Amino acid sequence: MFYKRKVSLILVAAFLAAIFMCGCSQPTDEGEEVKVEENTFSIHFIDVGQGDCIFARFSDGKTMLVDCGPNDENIANKIIKFIKGANVDTIDYFVLTHPDGDHVGNAVKIMSSFNIGTAYLPDIYEGHFNLYSHYKAAEFYIRNNNISVNRSDCYDIIQGSDYNVVFLAPQPKAINGSAYRDFNSAQTPTDTQANALSSVIYIEAQGVRCLLTGDLTSTQEIKMLNSLQMLKFHHDYYNISVDLNNIDFLKVAHHGADSSSCDEFLMQIRPINAIISVGGNNFYGHPSMQVLNRLYLVNPLINVYRTDVSGTISVTALGEGKYKVKTAA
């Protein structure tokens with residue numbers, strides 16, 4: 001009886017906390033414009049409404065952009081202004097996690113505004129390009145401008161003097177059960193099949209650990225966890241340790257949709273902070289109350305930051321695993 005009552009109290013507390021966080025994401029330095037600091041690692045979850053756009057700068061000056069929000073002139077200009085405001089003219093690693101328009105909509109405009117080092121793109125069948133007009137435009141822009149291309153999969157690694165960027169998903173299309181196989185073999189891929197392609201990117205820089213998940217589905221979350229032991233040999237070869245326990249910052253998958261962020265996945269990573277990139281009063285009802293509850297159940301002290309509440313969210317490493325968080329609102 002006592003156990004059941006205790007569980008009920010925990011659920012109620014989590015529910016109330018989730019409701020509170022829907023209206024407040026604990027913004028710091030209220031009203032101050034977030035800025036990109038030099039000579040240290042920083043990662044910025046840019047407010048693009050209902051979509052994703054993440055800009056990272058490493059201590060050696062290398063830069064990464066993961067997705068670029070929905071097709072919108074104002075949003076594109078906002079992203080460009082933010083990056084150029086950091087005195088950046090080159091995006092060394094330009095990542096499109098999967099072909100959905102709310103992740104790739106501004107790709108061409110942004111690429112045309114910067115020098116691009118390497119583009120990390122999903123390994124999808126060209127015959128499906130016509131189903132994703134903005135992604136198709138990005139592919140052809142990259143080809144016409146001779147930009148180096150890497151087809152993303154779980155064996156990709158980027159290393160710097162004090163950072164590692166490790167792709168944990170998807171599996172290569174040569175592997176049975178790969179999300180690429182399901183997508184490419186479908187005559188008309190479903191939204192779920194497109195989301196399943198999402199690159200999962202683990203970043204460890206100056207002791208700060210981030211996990212970026214695109215629109216990853218719950219099925220692929222479990223598959224990714226199950227493949228970590230197989231990937232350990234690959235990571236050991238490069239002298240890399242991937243530690244998903246008590247991750248510092250989780251970019252919550254699919255804007256907080258209930259089809260992602262399953263219990264088993266969250267129990268494994270137990271994030272200290274969660275970032276939800278989402279548009280205010282969106283049609284989909286994101287983030288779902290179920291996901292917020294699950295976040296609080298695995299860590300009742302978690303900080304949940306939402307772009308619809310706090311605007312752009314910036315994390316800056318302070319050394320030895322410490323960091324500071326600033327928000328635009």
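This is a predicted model: local features need pLDDT of at least 70, side-chain atom pairs count only at pLDDT 80 or more; totals for chains, interfaces and linings use all residues.
Author: A cavity is a set of points on a 1 Å grid over the protein atoms alone where a 1.4 Å probe fits but cannot get out; lining residues have an atom within 4 Å of a point. Numbering starts from 1 along each chain as its sequence is written, and side-chain values use heavy atoms, without hydrogens and water.

Reader: Which element supplies the largest share of the lining of the largest cavity?
Author: Helices (H or I, at least four residues) and strands (E, at least two) are DSSP runs, numbered from the N terminus. β8 (163-169) and α8 (218-237) each give at least two lining residues. The largest share, 4 residues, comes from α8.

Reader: Which residues line the second largest cavity?
Author: Its lining has 3 nonpolar, 3 polar and 3 charged residues. Nonpolar means Ala, Val, Leu, Ile, Met, Phe, Trp, Tyr, Cys or Pro; charged means Asp, Glu, Lys or Arg; the others, Gly among them, are polar. The names are Asp 52, Ile 54, Val 66, Asp 67, Thr 97, Leu 212, Thr 213, Gly 214 and Lys 251.

Reader: Which strands stand at the edges of the sheet?
Author: The open sheet runs β6-β5-β4-β3-β2-β1-β14-β15. Strands pair if DSSP finds at least two bridges between them. Each edge strand has a single partner, so one side is left without a neighbour in the sheet: these are β6 (148-151) and β15 (322-327).

Conventions: On a 1 Å grid over the protein atoms alone, a cavity is a set of points where a 1.4 Å probe fits but cannot get out, and a pocket is an open set with protein on both sides within 12 Å along at least five of seven lines; lining residues have an atom within 4 Å of a point.
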